[in-house]
Amino acid sequence: NYSFRYGNALFLVLDVDTSPEIQAQWMDQQLAGTDATWKFVVYHFPMYSLGQDDEYGAIRSRWGKIFAKYHLDVMLTGHVHYYLRTPPMRNGQRVDSPADGTIYLVSLATSGHQWKRKMPELPDFAEKIMSGGLWYQKIDIDGNRLVYRAYDRDGKVFDEFTIEK
């Protein structure tokens, strides 16, 4: 695990080889001691995913409490070969505003790999899903405003959101 500051943003990068409980304690310490306006966590495995990929409920339950306590803004994950964005979530429940919850992104595993299973209908915990293909993201922060955009291989925006504090 390691953390770094970039401007007024704190990034916590988690290691898949460290136990979730040890990481929970470490995140709690890191977040308790920060004055960062923006808080991000980066982890390999998704906290929210589709169908048989949803094997991280125990981690979601434990870490979600920490994210709610310190108001984590965005969690960036990968592992599965599709794109998924949740609405703001708090303790496993959809909330009305990013001011009240964390946005979870499954966006770091971009490749030409196509998801072999049929994409399901949009589950309750998802705002956007996309199968296969190549994509990239850009996060712009200007003071108390964050703008997130996801682009396809042709540079066309296929998903975006804004958080204002």
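From the N terminus onward, the elements of the protein chain follow the order β-β-α-β-α-β-β-β-β-β-β-β-β-β, for two helices and 12 strands in this predicted model. The chain holds 165 residues, and 48% of them count as buried. Among contacts in the chain with a separation of 6 or more, 60% join residues 24 or more positions apart.

Helix α1 spans residues 20-32 and helix α2 spans residues 57-70; their axes lie 10 Å apart and form an angle of about 5°. Because angles under 35 degrees count as roughly parallel, α1 and α2 are therefore roughly parallel to each other. On the α1 side, the contact is made by Pro20, Glu21, Gln23, Ala24, Met27, Asp28, Leu31 and Ala32, which meet Ile59, Arg62, Trp63, Ile66, Phe67, Lys69 and Tyr70 of α2. Sorted by class, this contact comprises 10 nonpolar residues, four charged residues and one polar residue.

In terms of class, seven residues of the lining of the largest pocket are nonpolar and two are polar, with no charged residue among them. Charged residues do take part in the contact of α1 with α2, where they number four.

Definitions and conventions: Residues numbered from 1 in each chain as written. Predicted model: local features only at pLDDT ≥ 70, side-chain atom pairs only at ≥ 80, totals over all residues. Heavy atoms only, no water. Axes fitted to C-alpha atoms, helices over the stretch in contact; angles between N-to-C directions. Helix = DSSP H or I, 4+ residues; strand = E, 2+ residues; numbered from the N terminus. Parallel < 35°, antiparallel > 145°, perpendicular 65-115°, else oblique. Contact = heavy atoms within 4.5 Å. Nonpolar A, V, L, I, M, F, W, Y, C, P; charged D, E, K, R; others polar. Buried < 20%, exposed > 50% of the residue type's maximum accessible area, 1.4 Å probe, protein only.
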